[in-house]
Amino acid sequence: ASGYGPVFEEQPSSLLFPDGLTEEKVNLGCRARASPPATYRWKVNGTDVRVEDEPRYTLVAGNLVISAPQRGRDSGSYQCLATNPSGTIISQEASVRFGYLREFPPDERSPQTVYEGAGTVIPCQPPPHYPALSYRWFVNEFPTFVQPDRGRWFVSQVTGNLYLAKAEPNDTGNYFCFGTNSMEFTTKSVFSKPNQLTVQPDASPRKSAPNIKVRFPSDTYALTGRSVQLECFAYGNPVPKLRWRKVDGSLPSKVVTSAEGSVLLVPELGFEDEGMYECEARNSEGRDTFQGRITVQAQPEWLEMISDSEKEISSELRWRCVAGGKPRPSIRWLRNGQLLASQQDRIEVNNGQLKISSLALEDSGMYQCVAENKHGTIYSNAELKVQVQAPDFRLNPVRRLIPAARGGQVMMKCRPRAAPKPTLFWSRGTELLSNSSRVTIYADGTLWIQNISRADEGKYTCFAENFLGKANSTGILSVRDATKITLVPSNADINQGENITLQCHASHDPTMDLTFTWSLNGVLLDTEQDSGHFHRLEGKETVGDLTIVNGQLGHAGTYMCTAQTVVDSASASAKLVVRGPPGPPGGVVVKGINESAVELRWSRGYDNHSPIGKYSIMGRTRLADTWKPMRTGPANIEGNAESAHVIGLLPWMDYEFRVIASNILGSGEPSMASQSVRTRQAAPTVAPSGLGGGGGDRHELIITWTPMAREYQNGEGFGYILAFRNRAAPNWEFFTVPNAESSRFVYQNDSLSAYCPFEVKIKAYNSKGEGPYSQIALVHSAEEEPTVTPRRVNATSQSAFEILVSWDPVQHLISCPLPLCLHPQIRYWRQNEKAAAADRVRTAGLESTARVSGLRPSTLYYVTVLAYNSAGTGPPSAPTTVTTKKPPPSRSPENVSWRIDGTWVTVAWDHVKALKNESAVSSYKVLYKHEGQVALKVQDKSKTSIRLPLPQDNGYVVLEICASGEGGDGPPHEIIVSRDSGEAGADCIERREGWGEGRR
């Protein structure tokens, strides 16, 4: 039959329904794919649901709809059964449960009294409910909910009880238990009658050790993938601190504890989370502990399932299903929804094994393997079809045309549909075939002919027969010429990076297509990639040459060329040797370590068919990632060597080494790095650099240097030895600085004179000894603040924007003695400003004049000069005053005109008259340059005209003309004068703000 049995596409799911919600309906889904379509019925608690007798039940397609659901009548476990002519399957169980929450009883609750500092519990005594509630408590009025208060209060989500670790007087009040039931459709909350709590004050509350009152179960069973929550709470004064641990291992990193530690949550349980867990409560008076075990279990899960099977009548069926789970699931079998038990003669049920012998038609049907433990039930479904039919070749006839190569072999299959198995035999023409030296007929009907010749061509017919009938199917064997390799590839060797072509030609039957494939060491090569190393040039069909481009060491090996048609193939192979740089040496070991040398040993790597000529050694320290060539003994390491000394190393330094082999074709890959080794310690061999210093506070000598890098320290216990003396004294003073990072030393002595020269030298030391001294440096002690005042300070105005300040050079004698020029500092401020806001200009020590620019025109300035050095500034001179000149003329010369006279040009302009607030015009400045020149030439003219030479060629002259007074230069008027091309005149382009318009 072409149909098939039911296959579930939707199965009912468990649901929780609010009790009393009669206007809603319970809908249990069920849908199966089947041909012909399935019909449906339902069971509740193993009993058939009689839809036709109960008007509240409706079957919509396969779904069961229950109207006005009631907890007492409709709670239970439901299963859907889907049936068609092929058989019946039964769905997974779906529970229908009703959620409810009754009111708290109206009875008054007994008041409770507790002494200050003691612990207590207020019971919740929740009303009947399903499923579990979430609990909170409020005090005196809603919604003043009880808070944990640093772990004093705790609400158990198991019992709903409210626990108090240590009572305080302000805890007195009325407490209400507040329970909430949350479901998909609705949420309901109820609260209890008040629980009156009175705390009796105590002037000196008694302290007490922890006493655990909320204990999680001694044994907790939970499912993999779910979460488990453990509660723990203790009385005690002071309030105990709670801590969790896993007795037989460490706490999983995924666990979460509440802020006060009273709840431990282990999410997404796995079997590794099993074990004994401990809660510890501790305070200053003692500790208490409680332990409980978490046992992780698992719902059934399929490891091996059954699948649909078609079997011939009278044959044997073997099915096997395997399920995992904890506890280990039990397995039972169903046929068409009914329990299948062993029958002595034919059926054998052995847990997950089902065996049915001598299959009959009535064994067809829907089978289910059911695995079950206390956590759930799973189903694996399959259909068994027991076949019975006469032989039929329509779906799988003998191949109509069967080509075969002369001298080769051919296989003809005979696969009719038939049940029971038919008897099969072959004929060639009218000749019945039987087994011989060249012909073999296998039990499954396959015909095998070897060493084929032209005489084997013809019609071959397979005959099939069983007790229901007979059938046959015929194919024609066509014998073709055999494929042969006519030009075999030759063995070859190349250097790495070279190209080579391996030839391969073949002959074949011209009526068939020929293809070539190549393999390297048995692995098929991809010759289609344009960017790859292997290419086949398309061309003549019988030529299959392979070109290897940029041959690499990994391309060496056995290449096999295969020429193939649909009926046969021929192969030939050749070996390719690729010569290249050596492979990496192996096993680099460091021996004989001393302060500056080690011995390296290694084993030879593969020479890649070219003798190793030499080795080189690379090294690096932990201070640098870069590998560098190392000095060795001998300097040149021969190719037959397997050891060498590395010399010139730094003491007390961590090194890694690797070895590189080379031959005439280049250097190979480096070896693996050796283990890191540290050279032995030695005394320092170099002196610190950058010795200098100076400055600081009074009576100080500051010496500075550059800290020595790690690679020059040579050992542990590293530091510096400083030696210094007054240049006039015979004896040195020595100080030790025991820190490798130090770069500064301050020597303080009240007898130390200011700015005295000291000779200073420095050397390094470590636990192995001392290094050499550095060269002597001259360092001065700290200067003193100047005490002298510059004299004869004078300021003169130079222009509207600049003044010139002069003074007598300042010196003061210090006790070394050494005459010292101090650095002058000029301070200046406007008439209406304060001296504290003065601007400053500093000058070099030997200067006695300085210009101050950037000033305002026609402005009175106060100027003072003082001396400064590294220690500070001295007293200022008495202020002197200076007034800047009026600003320069604000207008540029106008009505500029010019006249050409041979190779000269005369330029004239109108006199510029200054405004009242501007300095009078005393002269005119003319700046000019020829085309191509950079430097400007300046002429100062009192007249309003100037005569200038023109360039010899057709170049131009650039001129700038400005009026000048004692306040400075005014804005320029710029023009460009050039010869007319071919004329005796000249062109002039006038510019003021950028390029102007040409004038004649």
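**Figure legends: overall form and close-up views of the predicted model**

Of the 1000 residues in the protein, 44% are buried, that is, under 20% relative accessible area, where exposed means over 50% and partly exposed lies in between (1.4 Å probe, protein chains only). The structure is a predicted model in which local features need pLDDT of at least 70 and side-chain atom pairs count only at pLDDT 80 or more, whereas totals for chains, interfaces and linings use all residues. Residues are numbered from 1 along each chain as its sequence is written, and side-chain values use heavy atoms, with hydrogens and water left out.

**Figure 1. Overall dimensions of the protein.** The protein contains one helix and 96 strands; helices (H or I, at least four residues) and strands (E, at least two) are DSSP runs numbered from the N terminus. Its radius of gyration is 54 Å, well over the 30 Å that the globule rule gives for 1000 residues, so the protein is more spread out than a compact globule. The radius is taken over C-alpha atoms, and the globule rule is 2.2 Å times the number of residues to the power 0.38. Along the principal axes, the C-alpha atoms fill a box of roughly 140 × 110 × 85 Å.

**Figure 2. The open sheet E31-E36-E35.** Three strands form this open sheet in the order E31-E36-E35, with antiparallel pairing; two strands pair if DSSP finds at least two bridges between them. Strand E31 (317–320) and strand E35 (347–350) stand at the edges with a single partner strand each, so one side of each has no neighbour in the sheet. From one strand to the next, the twist averages 5°, with axes being lines fitted to C-alpha atoms and angles running from 0 to 180 degrees between N-to-C directions. Four bridges in the antiparallel sense pair E35 with strand E36 (residues 353–356). Within E36, Leu-354 stands opposite Val-349.

**Figure 3. A nonpolar surface patch that includes Leu-361.** Leu-361, Val-388, Phe-467 and Leu-468 make a nonpolar surface patch of about 380 Å². Patches are made of residues with over 30% relative accessible area and no salt bridge; like charges are joined within 9 Å, and nonpolar side chains (Val, Leu, Ile, Met, Phe, Trp, Tyr) within 5 Å. A salt bridge is a side-chain nitrogen of Lys or Arg within 4 Å of a carboxyl oxygen of Asp or Glu. Accessible areas come from the Shrake-Rupley method with a 1.4 Å probe, and for residues only the protein chains shown count as cover. Leu-361 belongs to the loop between E36 and strand E37 (365–373), and its relative accessibility of 44% makes it partly exposed.

**Figure 4. The open sheet E13-E17-E16.** This open sheet has three strands in the order E13-E17-E16, and the pairing is antiparallel. Strand E13 (120–122) and strand E16 (153–155) are the edge strands, each pairing on one side only. The twist averages 20° from one strand to the next. E16 and strand E17 (residues 162–164) run antiparallel and are joined by three bridges. Opposite Phe-154 stands Tyr-163 in E17.

Figure 5. Strand E71 (residues 719–726) is mostly covered, with six of its eight residues buried. E71 runs antiparallel to strand E74 (residues 757–766), to which eight bridges join it; Gly-719 has Tyr-765 in E74 as its bridge partner. Strand E72 (residues 733–737) pairs with E71 over five bridges, also in the antiparallel sense. In E72, Phe-734 stands opposite Ala-723. E71 and E72 form a hairpin, with six residues between them.

Figure 6. Most residues other than glycine have a negative phi, and most peptide bonds are trans. Ser-35 and Pro-36 are joined by a cis peptide bond with omega about -5°, and Pro-36 lies in the loop between strand E4 (31–35) and strand E5 (39–44). The bond from Asn-237 to Pro-238 is also cis, with omega near 5°; Pro-238 is placed in the loop between strand E24 (233–237) and strand E25 (241–246). Ala-68 has a positive phi, near 45°, and is found in the loop between strand E8 (63–67) and helix H1 (71–74). With 28% relative accessibility, Ala-68 counts as partly exposed. Asn-608, although not a glycine, has a positive phi of about 50°. Asn-608 lies in the loop between strand E60 (598–603) and strand E61 (614–621) and, at 7% relative accessibility, counts as buried.
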